[in-house]
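Please review the structure shown here together with the briefing that accompanies it.

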Amino acid sequence: MIHNMPVKTLIHKDLSIEGYSRAAVQTYWRLPEFKVGFDLGGQPWSFMGTPTWFVSHGHLDHVAALPVYVARRRMMKMEPPTIYLPAAAVEPVQAILKWFTRLDRGRMPVNLVPIEPGSEIELSRELVVTASATRHTVPSLGFVVWERRRKLKAEYSQLTGPQIRDLRLGGTDVTEERRVPRFAYLGDSSPEGLDNCPAMYEAQVLVMEITFVAPSHRKDKIHKFGHIHLDDVIQRRPRFQNELIIASHFSTRYSRKRVAELVRRAVPDMFDDRLHLWL
Ligand SMILES: [Zn+2]
Ligand SMILES: [Zn+2]
């Protein structure tokens with residue numbers, strides 16, 4: 001395997017989370033078991049086999065590798081990928097691909113799908129992705145991956161097996177869909193992106209940005225530019241029900257060591273060890 005870009009991996013239950021993220025540098029994440037990825041700020045060679053991607057917004061550190069990814073899949077004779085992105089980003093991306101085709105004389109086969117807050121995309125029979133509004137300096141989206149399970153409706157829970165079978169044979173749908181938020185990806189956003197989407201706080205795994213961690217950095221300015229400060233997270237502590245919270249997208253103003261120092265000083269218990277720094 002060619003290692004062209006940094007990739008960190010963390011395994012949580014049956015899910016591997018792979019990726020890398022630094023503000024203004026590059027951001028890319030993928031869930032190999034779910035066959036889906038988020039953001040294309042870079043494209044590690046090993047990520048190419050993932051056929052479906054969601055782009056949170058059009059900033060270069062989240063989208064710059066889109067043409068590289070599309071061209072690489074064509075070169076390797078893989079199926080054209082499907083990339084979901086904020087509706088406002090589709091036309092510029094199409095134009096960029098057109099110009100790259102002219103420059104490179106290679107085709108750019110891809111299925112670009114515009115989405116907006118409230119969009120719902122079926123990944124498979126078991127998995128659904130929903131998009132939610134986030135708040136940044138350009139149109140932006142957050143995403144939740146839900147696992148769908150069929151459960152017996154509560155009203156039938158007292159019945160015996162044969163009774164349920166008879167109802168079923170009579171044409172009654174005895175089950176209902178239950179959705180479990182397995183994974184959430186905030187993308188770049190001010191705290192509103194979390195507050196407006198309760199599933200972000202409930203997902204088993206949340207990948208979020210905490211771009212700023214130093215006490216001296218002014219929060220009003222940070223929010224204006226659509227980002228989150230560590231203090232915002234601490235203020236909202238009771239809301240985070242997640243089993244694992246991955247903090248990422250730290251500003252390049254901080255070294256890895258400095259991020260770890262500042263966060264551990266402010267949150268000594270690391271949210272009962274649920275808070276993980278992606279450094
Ligand atoms: Zn960013
Ligand atoms: Zn951004």
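The following briefing covers the metal sites and a sheet.

This is a predicted model, in which local features need pLDDT of at least 70, side-chain atom pairs count only at pLDDT 80 or more, and totals for chains, interfaces and linings use all residues. Residues are numbered from 1 along each chain as its sequence is written, chains are lettered from A and ligands numbered from 1 in the order in which they are written, and side-chain values use heavy atoms, with hydrogens and water left out.

- Donors are N, O and S atoms within 2.8 Å of the metal (3.2 Å for Na, K and Ca); water is not among the atoms, so sites may look incomplete.
- Asp188 lies in the loop between strand E11 (175–185) and helix H5 (192–195), and His249 in the loop between strand E13 (244–248) and helix H9 (256–266), so the pair ties together parts 61 residues apart in sequence.
- Helices (H or I, at least four residues) and strands (E, at least two) are DSSP runs, numbered from the N terminus.

- The zinc ion (ligand 2) is coordinated by His57 (NE2), His59 (ND1), His136 (NE2) and Asp188 (OD), at 2.1 to 2.4 Å.
- Asp188 bridges the zinc ion (ligand 2) and the zinc ion (ligand 1), which lie 3.5 Å apart.

- Asp188 counts as buried at 3% relative accessibility, and His136 counts as buried at 14%.
- Buried means under 20% relative accessible area, exposed over 50%, and partly exposed in between (1.4 Å probe, protein chains only).

**Sheet**

- An open sheet of mixed pairing is formed by 7 strands in the order E8-E9-E10-E11-E12-E13-E14.
- Strand E8 (120–122) and strand E14 (275–277) stand at the edges, each with a single partner strand, so one side of each has no neighbour in the sheet.
- Strand E12 (residues 205–209) and E13 pair in the parallel sense over 5 bridges; two strands pair if DSSP finds at least two bridges between them.
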